[in-house]
There are 2 protein chains.
Amino acid sequence: MEAVLWQCWRKLLPSQPGVLTQATRRLSSSADPALKVSTTRSTGASPLLVSRLFQPSSLREGQGQESQSGEKTCKSQRLMLQAGLIHPSNPGCYYYLPATVRAIEKLVRLIDQEMQGIGGQKLDMPSLCAAELWRRSKRWDLMGRDLFRLKDRHDAEYCLGPTHEEAITELLASQGHLSHKQLPLLLYQVTRKFRDEPRPRFGLLRGREFYMKDMYTFDTSERAAHLTYQNVCQAYTRLFARLGLQCVQVQADTGNIGGKLSHEFQLPAEVGEDRLLVCGNCAFSANVETMEPGQTDCPQCHKGTLTESKGIEVGHTFYLGTKYSHIFNATFSNPQSKPVVAEMGCFGLGVTRILAAAIEVLSTENAIHWPGLLAPYQVCILPPKRGSKEEHLEGLAEELCHSLGSTIPGLRGEVVLDDRTQLTIGRRLKDAGCLGYPYVIVVGRSAAEDLPRFEVRCQQSGETMFLSREGLMDLLSRVETI
Amino acid sequence: MEAVLWQCWRKLLPSQPGVLTQATRRLSSSADPALKVSTTRSTGASPLLVSRLFQPSSLREGQGQESQSGEKTCKSQRLMLQAGLIHPSNPGCYYYLPATVRAIEKLVRLIDQEMQGIGGQKLDMPSLCAAELWRRSKRWDLMGRDLFRLKDRHDAEYCLGPTHEEAITELLASQGHLSHKQLPLLLYQVTRKFRDEPRPRFGLLRGREFYMKDMYTFDTSERAAHLTYQNVCQAYTRLFARLGLQCVQVQADTGNIGGKLSHEFQLPAEVGEDRLLVCGNCAFSANVETMEPGQTDCPQCHKGTLTESKGIEVGHTFYLGTKYSHIFNATFSNPQSKPVVAEMGCFGLGVTRILAAAIEVLSTENAIHWPGLLAPYQVCILPPKRGSKEEHLEGLAEELCHSLGSTIPGLRGEVVLDDRTQLTIGRRLKDAGCLGYPYVIVVGRSAAEDLPRFEVRCQQSGETMFLSREGLMDLLSRVETI
């Protein structure tokens, strides 16, 4: 068998012995139909077919109603399981299925825009963190069983990084030539983090593996560090605004990260595990952890009453001072060429948590609503049912799918065709509603009229519109994508 | 202190109590200069300054000549350390510094294009892999000490996934509704992988943490699986061609992955750890592991002589048959609605290894040469030295930097300004040469002439050209970026 395949394979190779890659070559002249697939590039030329997407094409009825092993569930977890967005693996660990990966990648691009917009530079640190580093900061013991710990083949001890204050400070300390002119320095990464949660629950809201954006900042003085702190908080505010999420910034406990000052960005939600106190009179708001037990008067304006609500922590900011830079001797040269210990901040965003939290607060019980920017696909086109009077419009639907993807730059790769034409339009509309495409276009009866009209359902507004082709193009060319 | 900062911070908040994010707001009216940073978005409006980039601005003389702990080194490792592209952490683990992250992201976009071009769908699987899964495939014992193993707080055993055949097959087996119409199914991820190498060495060429693209394919029959195998191999061939890398595809051993057929994509290099035999007469080439000891005659054409060379393995493909799908019962429904075990393939690309291998084979001893598509920045502009006769051209250099980034879409974010004008042009040219910008533009004496000319150094061709502004725009608008 190997020999046969080998011969078969060899026929496809270029002629020069052993060397495959002389130039960018296409094998598009081949008559073998299977090879045609390989020459179709992602240029929007071939439509994305719902029947081939893994795996929302058959919504899993009944799944997600209750979880395995009696773990607590919530709306976002249930909806994401039903829609084939995630699949459970180990406790607190999920497979992120393709539509989720698209949403995560969009969120990461948004984060990149906002972090680089304030001068952030992206790096990537190892997940394996040496025990020795964490012992120097005393967190090896402090973190207790929340740390995943392991030994390598030489019996060296490591943890899987849940956060990287030690690692980044060690990196900075190793850079001999850092000048005050290079500060502020804002370094961040978007990587998988690990935390051995005692009770992982609520799907992506509290997992043991998750994606986090963590930024670490280095400044020449406390005043400069405070300005950097404000800049990052403002970038967070803009980011949540662009997602259409009404976050509250509250004063917070510094926990085992340490430092002098901290805020959380909380998304109000019943399933949230944090309790917030918000003043009815002024801008004061706080995590109850930071307040005296039973306090109901606002400590800031002394007039308003504090009302309690629940929130999901989607971001956390810390002004660290010199806690870590002192331990690891992370210094810069001041204008007099003297080494000075840098002032630090650290700033986290829960990437996968933001995704689930957004679905939690925006969705109905039966239909996912995405922040517009993060929807895995912006547009779903429904051709008529096979065997219906409008069957002849199937080609029009395909052509529309191609045309939207190729003429509106922002929609490239964003348009799918629900080719499951054995199903009624009604059934496919229901599926499309559950999956939360911002725009669903029905190519049906009204598209066969003398003045063809496309039926467009806009999830955000709840409106159904009947638009000409020009009207449709105009509407969709204004969709913001990232 | 906290209280003071709190007051200071509060002034910046919108007026509605507790709610920050009413709309996308900019605080650009603020008079505080530090806040200006926060309102500069990454629109190409503000130039990227070499003095602020972390950390190539001071090439580290002497570093990287020998490694810590006597580990073996090679050219790519030395060059990447010197240029501030990577920094060592634990043995076999590196910090990827910002320029490297840019190159990795470009490579991932290229991989996405090629994998999605043949119908690949991207997902993301947990790093923590349950021991139970690996015991079912017998690899828990087979992998020996190469696996990083750990226990969670409940004493459950896991490994850190070096590859994910078990996980993906388990996922497929859990999808009750998979139809033959959905196959072939090509699922891939680009994630960090872990392998407890006995002797990590050569920088990113053989590490213990690395990024890998791993694709897993599912087909209805052996014949269909072979066509999928060819499609993926052709996508790999195109990918390496687009990188300008002369890879050789050789027959390979299936090792502990298993299966019936396997090829490696090898990049010939002296530092390579694989030994290849290539026929001088026909297209045959093989890893020596697959051959009889001492064989020098070509087993395919029986005419040519086999010549040995060394290679770096940058990709590996396996036709697995039903090895894993049988164990985990990963089936699909055939047209008669009967369950049939799927035929599988798996296909790896070493993402961080490709990057280092490319630098290894393309670079000189003193200057990094990137595959054009992967260069972290395409263009570096050098303004004249401070205090020189041409000092007045500094504004022109800045304007050019802005103009290139904003008028040529592909160059957005790709142009840096070497603002270290305390240094001579010569010194900065030397640095730029080491870092490997494909295009370096000197705004010097000839730009001050009546017919201004920009001095353009093209690394790929080694040419120096003197171009008018129009000529420069024309040249750079043809640069391919990703």
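Mentor: A residue is called buried if its relative accessible area is under 20%. The model under discussion is a predicted one.

Trainee: Why is Tyr236(B) called buried?

Mentor: Tyr236(B) has 0% relative accessibility, and buried means under 20%. Tyr236(B) therefore counts as buried. Phe265(B), also at 0%, counts as buried by that cut-off.

Trainee: What makes Tyr229(A) and Phe347(A) a tilted pair?

Mentor: Their ring centres are 5.6 Å apart and their planes stand at 55°. Tyr229(A) is buried at a relative accessible area of 2%, and Phe347(A) is buried at 1%.

Trainee: Why is the pair of Tyr236(B) and Phe265(B) called edge-to-face?

Mentor: The planes of these two rings meet at 65°, and the cut-off for edge-to-face is over 60 degrees. With the centres 5.4 Å apart, the pair is therefore edge-to-face. Tyr236(B) belongs to helix 8 (residues 222-242) of chain B and Phe265(B) to strand 11 (residues 261-268) of chain B, 29 residues apart. In chain A, ring pairs link Tyr236(A), Phe240(A) and Phe265(A) into a cluster.

Trainee: What makes strand 11 of chain B largely enclosed by the rest of the structure?

Mentor: Seven of its eight residues are buried, so strand 11 of chain B is largely enclosed. Strand 10 (residues 248-251) of chain B runs antiparallel to strand 11 of chain B and is joined to it by four bridges, with Gln251(B) opposite His263(B). Strand 14 (residues 306-321) of chain B pairs with strand 11 of chain B in the antiparallel sense over eight bridges; there Ser262(B) stands opposite Phe318(B).

Trainee: How do you know that strand 1 and strand 22 of chain A stand at the edges?

Mentor: The open sheet has six strands in the order 1-19-18-20-21-22 (chain A), with mixed pairing. Strand 1 (48-49) and strand 22 (464-467) of chain A each have a single partner strand, so one side of each is left without a neighbour in the sheet.

Trainee: How do you know that strand 1 and strand 19 of chain A pair?

Mentor: A pair requires at least two bridges, and strand 1 of chain A has two bridges to strand 19 (residues 415-417) of chain A, in the parallel sense. The two strands therefore meet the requirement. Leu49(A) has Leu417(A) as its bridge partner in strand 19 of chain A.

Trainee: Which strands does helix 12 of chain A touch?

Mentor: Helix 12 (residues 425-435) of chain A packs on the sheet and touches strand 18 (379-382), strand 20 (439-442) and strand 21 (454-458) of chain A. The direction of helix 12 of chain A makes about 170° with that of strand 20 of chain A.

Terms used. Residues numbered from 1 in each chain as written. Chains lettered and ligands numbered in written order. Predicted model: local features only at pLDDT ≥ 70, side-chain atom pairs only at ≥ 80, totals over all residues. Heavy atoms only, no water. Phe/Tyr/Trp six-rings, centres within 6.5 Å; stacked < 30°, edge-to-face > 60°. Buried < 20%, exposed > 50% of the residue type's maximum accessible area, 1.4 Å probe, protein only. Contact = heavy atoms within 4.5 Å. Axes fitted to C-alpha atoms, helices over the stretch in contact; angles between N-to-C directions.
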